[in-house]
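Please go through the points below with the model open.

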Amino acid sequence: MNTPYSEAEFRALVLSVQPESLSDNLHAGDTNSRKRKHPALNEDSRKRHHSICPKPLTPSKLEWVSGDGTRCSASAKYLNSQYSIHVIDCEASFEHHFPNMAETIRRDRVFTFDTESNTSAQLGVKTTMHVDMIQIGTMDGVAYLFRPNLLPLLDVHALAPLFADRSIAKLGSGINGDTRLLKKDWDIDLCSQFDVQHIAKKVLRKPELEVQANRFGLKNLCMTMLGFPMSKAPWTMFSKVNQKELDPMLKKYAADDVISLVDLLEALFHYSRRSDPSKATNPDYLTFLSNVS
């Protein structure tokens with residue numbers, strides 16, 4: 001194993017973070033182990049240890065003073081409250097919710113998106129990912145959860161013009177995989193798509209937050225910007241995404257992903273306009289995202 005530590009340093013590092021019972025097991029058969037002191041890490045080793053094992057983040061809000069002297073802070077306006085969730089898993093639910101969603105998106109010229117994928121494998125065939133849910137969030141705090149496997153193909157393809165429209169901004173987090181799988185599985189192309197992690201890094205320009213925006217994902221951005229510790233679903237839960245009845249907890253987690261992006265977009269936009277609050281009215285999110293990226 002390639003490691004920046006010597007054998008003695010690595011052994012001391014393992015023992016320093018393990019419970020005493022496990023430390024005893026590591027020394028099994030060594031009658032002098034209980035009397036032996038663990039070798040201390042030198043300063044260089046400690047720096048390497050902290051660089052690869054950063055301390056857990058604690059919730060903290062992004063704060064600023066606007067041009068008129070008003071003290072402002074970002075907030076989880078929708079994520080921390082009762083937002084609306086609509087599950088679209090049949091033709092009737094599609095016809096009921098899609099027109100309102102499309103009208104809202106074309107009015108605001110922006111929406112947030114994410115996908116949930118499951119793995120599929122056959123004997124002798126490489127395991128592949130398949131998009132089983134497409135989440136869309138609108139700026140009025142509504143999450144739409146599309147289940148394409150349960151919808152007529154014509155309804156799924158009705159989403160394609162919204163994703164391909166260059167005049168509508170799409171904001172996601174870690175979007176490369178989503179973009180690739182949407183095209184592969186459902187022939188949906190994306191234009192004018194943006195990644196919140198890259199946008200946050202460029203807008204904040206603060207060393208500590210810039211590093212976090214570059215290193216961490218959506219959950220940690222919510223903590224450092226909105227002061228809200230968004231919970232994430234365990235990977236095992238997403239194996240249930242194909243079940244006919246959607247697990248209530250999975251439904252909430254899936255909606256949280258796109259609703260948190262709505263809050264983050266608003267926070268980044270207003271923070272970027274802090275020197276001139278008058279520019280924060282009637283936001284043009286497409287222009288904002290395009291100029292930042």
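**Loop residues, a strand residue and a helix pair**

Arg109 sits in the loop between helix H4 (91–108) and S4; helices (H or I, at least four residues) and strands (E, at least two) are DSSP runs, numbered from the N terminus. This is a predicted model, in which local features need pLDDT of at least 70, side-chain atom pairs count only at pLDDT 80 or more, and totals for chains, interfaces and linings use all residues. Residues are numbered from 1 along each chain as its sequence is written, and side-chain values use heavy atoms, with hydrogens and water left out.

**Positive phi**

- Most residues other than glycine have a negative phi.
- Arg109, not a glycine, has a positive phi of about 60 degrees.
- Asp187, in the loop between helix H7 (175–186) and strand S8 (193–195), is not a glycine either and has a positive phi of about 55 degrees.
- Arg109 has a relative accessible area of 31%, so it is partly exposed (buried is under 20%, exposed over 50%, partly exposed in between; 1.4 Å probe, protein chains only).
- Asp187, at 47%, is also partly exposed.

**Thr112**

- Thr112 belongs to strand S4 (residues 110–120) and counts as buried because its relative accessibility is 0%.
- A polar atom of the Thr112 side chain lies 2.9 Å from the backbone oxygen of Val258.

**Helices H8 and H11**

- The axes of H8 (residues 196–204) and H11 (residues 248–272) come within 10 Å and cross at roughly 20 degrees; axes are lines fitted to C-alpha atoms over the stretch in contact, with angles running from 0 to 180 degrees between N-to-C directions.
- H8 and H11 are therefore roughly parallel (under 35 degrees; over 145 is roughly antiparallel, 65 to 115 roughly perpendicular, the rest oblique).

Definitions and conventions. Polar contact = N/O pair within 3.5 Å; in protein donor to acceptor, adjacent residues only side chain to side chain.
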